Amino acid sequence: MTKPLELHINGQTRSVLSDPETPVIYILRNELGLVGTKQGCSLGQCGACTILVEGKAERACTTAAESLQGKCITTIEGLEPSFIKDAFIVEQAAQCGYCIPGIIMTAAALVNENPVASREDIRAALKENLCRCGTHSRILKAIEMALQTKLERQSHA
């Protein structure tokens, strides 16, 4: 018999009955209906499934659910503050949109870790997020906008 797993996702504790070794992407999408996290390569190489675990970017397709018990998990649906998502909208940084949730989550981790990140820092952070649509310059501008917004908010606080 499978024991319930307690996962803290987007500020709520959720109990799921899954094999502890189940990659968390299946739980997010199939059991909890959080379909913003996309499944791409299933090998942790494309970044489409990126979530935040304790504020750090992690691949949901290669992370066993059991390893996340007791940790704060954030998906694209629960990402706050929204200024990061807003920057992507303003810059029209998505084309097909499949990779964008993973890129936004990677950007969120970067903004939290390094609010004065340079363009090279942004490129380094995104090097394992694949996008084939060709909106790379807009993605970079959106992340730079998000970084600027964070700095402005910090200076007004």
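This is a predicted model: local features need pLDDT of at least 70, side-chain atom pairs count only at pLDDT 80 or more; totals for chains, interfaces and linings use all residues.
The crossing of α4 and α5 is right-handed.

Which residues of α4 and α5 make the contact? From α4 come R119, I122, R123 and L126, while α5 brings I139, L140, K141, I143, E144 and L147.

## A threonine in a loop

Now have a look at T63, which sits in the loop between β4 (56–59) and β5 (72–74). Is T63 buried or exposed? Its relative accessible area is 7%, under the 20% cut-off, so T63 counts as buried.

The side chain of T63 makes a polar contact with the side chain of E58, at 3.1 Å. Setting aside neighbours within four places in sequence, T63 is in contact with T22, P23, V24, E58 and L68.

A disulfide is a covalent bond between the sulfur atoms of two cysteines. How many disulfides does the count come to here? The count is 0.

Take C41: the nearest cysteine sulfur belongs to C46 and is 3.9 Å away. A disulfide needs the two sulfur atoms within 2.5 Å, so C41 is in no disulfide. C41 is partly exposed, with a relative accessible area of 28%.

C99 is in no disulfide either, and the nearest cysteine sulfur, that of C131, lies 3.6 Å away. With 10% relative accessibility, C99 is buried.

Terms used
Residues are numbered from 1 along each chain as its sequence is written. Side-chain values use heavy atoms; hydrogens and water are left out. A crossing is left-handed if the near helix is turned anticlockwise from the far one by less than a right angle, and right-handed if clockwise. Helices (H or I, at least four residues) and strands (E, at least two) are DSSP runs, numbered from the N terminus. Contact means heavy atoms within 4.5 Å. Buried means under 20% relative accessible area, exposed over 50%, partly exposed in between (1.4 Å probe, protein chains only). A polar contact is a pair of N or O atoms within 3.5 Å; within protein, one must be able to donate a hydrogen and the other to accept it, and residues adjacent in sequence count only if both atoms are side-chain atoms.
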